[in-house]
Amino acid sequence: MKNIFILFFLFTSAVKLPAQNREVDSLIKLLDKAPIDTNRVKLIVNIANKLYFHKPDLSLEYSEKALKISRDLNYDNGIVSSLSLAGESYRLTGNYPKALQYQLQALGISRDLKNEEVESNSLGFIGVIYMELNEYRQALQYFLPAINIKNRLPVSPPAVFILANTGISYDFLGLLDSALHYLRLAARQNIKVGHPQLNSLIPRSVGNVYMHKGKEDSALQFYFAALENSRSRNKS
């Protein structure tokens, strides 16, 4: 789990919490008047999605509510979204067995629905669970199929995130050329996506690989690029 905590810090550091909290409060007010139907599920999932990085415990409460209503309504898309979000919240709170259980259920349903976007995201989430457990080869068993699916879909932040994590996993395994290959793919795709946190994650990870190669000058170059991006985000 060594560098994973830094990874998620990068993803949460640019979040404007006061604005996000106001947005969540507005959604919760809408929830008070919402009927018990699929739109209510979508609203609850939206709330959970906005909470799970910085308030995973609270996000989990909403995800479980959405899951219960979705099951009562036999609303498969709501079920799979709720399972995936709840699984992420369980992971962020350190409950890896429950996180894996939920993500595997989400993966199965996404395949039944033939929804490749959800399937690839679920594969990526499972890979991250194994990555945090230092089971890097097992993580790759999920990241690589996820990449195969993502290659058929439009470029997206989750696709870049999975590529980056694949590179990081190879780095931990000491397979440095493979690590650079996937991190470079992530960097190229992120040019299209322009995800600000990935703009820090990717060069930092490339820097780690060069450090492990003994190329300290190259490593520092990428570390400074990651640092500069983080500073620019904090000023915005």
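Hi everyone, let's start with Glu119, which is buried, at 14% relative accessibility (buried means under 20% relative accessible area, exposed over 50%, partly exposed in between, with a 1.4 Å probe and protein chains only). Its salt-bridge partner is Arg111, with the closest N and O atoms 2.9 Å apart; a salt bridge here is a side-chain nitrogen of Lys or Arg within 4 Å of a carboxyl oxygen of Asp or Glu. Arg111 is partly exposed, at 43%.

A quick word on the model. It is predicted, so local features need pLDDT of at least 70 and side-chain atom pairs pLDDT 80 or more, while totals for chains, interfaces and linings use all residues. Residues are numbered from 1 along each chain as its sequence is written, and side-chain values use heavy atoms, leaving out hydrogens and water.

How many salt bridges are there by this rule? The count is six. Another one joins Arg91 and Glu88, at 2.8 Å from N to O. Both residues are in helix α5 (residues 76-92), three residues apart, so about one helical turn separates them; helices are DSSP runs of H or I with at least four residues, strands are runs of E with at least two, and both are numbered from the N terminus. Arg91 is buried at 2%, and Glu88 is buried at 3%. Together with Glu132, Glu88 and Arg91 are linked in a salt-bridge network.

Finally, look at Asp177 and Lys213, whose side chains form a salt bridge of 3.0 Å, N to O. Asp177 is in helix α10 and Lys213 in the loop between α11 and α12, so this pair ties together parts 36 residues apart in sequence. Asp177 is exposed at 58%, while Lys213 is partly exposed at 31%.
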